[in-house]
Amino acid sequence: MTFQLRFLASAEQELRETAHWYDSHSDGTGVRFRACIADAMSAIATSPLSFRCLPSEPTVRSALVKQFPYAIIFSIEADHILVLAIAHTRRQPGYWRRQDAR
């Protein structure tokens, strides 16, 4: 079973801003970032239970993005995957809890 992914508005904004930052700082890096995000999203959609739960949030999972210091923070809902954040791994843990209400 493949799940549909839905994004909180704040997660969409993080994705756009990060890709734009990589585009403006290095040729081709934004394209590579988007490709790595797409690969991770595909893995999440097909096998969401294979990703670890966050210790402080047992209903929230994290998928690391290859080649970049980012993680996709998501929850498994009844009929879709909800992407909560595209989080830099050095950012304050749990910052995304204060963003959009689910």
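Predicted model: local features only at pLDDT ≥ 70, side-chain atom pairs only at ≥ 80, totals over all residues.
User: Which strands does α2 lie across, and what is its angle to β4?

Analyst: The helix α2 lies across β1, β3, β4 and β5. Its buried residues, among them F33, C36 and I37, pack against these strands and also against α1. Relative to β4, α2 runs at about 25°.

User: How far apart are the end C-alpha atoms of α2, and what should its 18 residues span?

Analyst: At 1.5 Å a residue, the 18 residues of α2 should span 26 Å. The distance between the end C-alpha atoms agrees with that expectation, being 26 Å.

User: In what order do the five strands form the sheet, and which stand at the edges?

Analyst: The sheet is open, with mixed pairing, and its order is β1-β5-β4-β3-β2. Two strands have a single partner strand each, so one side of each is left without a neighbour in the sheet. Neighbouring strands are turned by 45° against each other on average, direction ignored. The edge strands are β1 and β2.

User: How many bridges join β4 to β5, and which residue of β5 is the bridge partner of A71?

Analyst: The strands β4 and β5 run antiparallel and are joined by seven bridges. Within β5, the bridge partner of A71 is A87.

User: Why is the F33 and Y70 pair edge-to-face, and how many residues apart in sequence are the parts it ties together?

Analyst: The structure holds seven aromatic pairs. In the pair of F33 and Y70, the ring centres are 5.5 Å apart and the planes stand at 70°, over the 60 degrees needed, so the pair is edge-to-face. F33 lies in helix α2 and Y70 in strand β4, so the pair ties together parts whose separation in sequence is 37 residues.

User: Are F33 and Y70 buried or exposed?

Analyst: Buried means under 20% relative accessible area. F33 has a value of 0%, and Y70 has 10%. Ring pairs also link F33 and Y70 with W21, Y22 and F68 into a cluster. By that cut-off, F33 is buried, and Y70 is likewise buried.

User: What kind of pair do F51 and F74 form, and where do they lie?

Analyst: F51 is in the loop between α2 and β2, while F74 is in strand β4, 23 residues apart. Both F51 and F74 are buried. Their ring centres are 6.0 Å apart and the planes are at 85°, so the pair is edge-to-face.

Key. Residues numbered from 1 in each chain as written. Heavy atoms only, no water. Phe/Tyr/Trp six-rings, centres within 6.5 Å; stacked < 30°, edge-to-face > 60°. Helix = DSSP H or I, 4+ residues; strand = E, 2+ residues; numbered from the N terminus. Buried < 20%, exposed > 50% of the residue type's maximum accessible area, 1.4 Å probe, protein only. Expected span 1.5 Å × (residues − 1). Contact = heavy atoms within 4.5 Å. Pairing = 2+ DSSP bridges. Axes fitted to C-alpha atoms, helices over the stretch in contact; angles between N-to-C directions.
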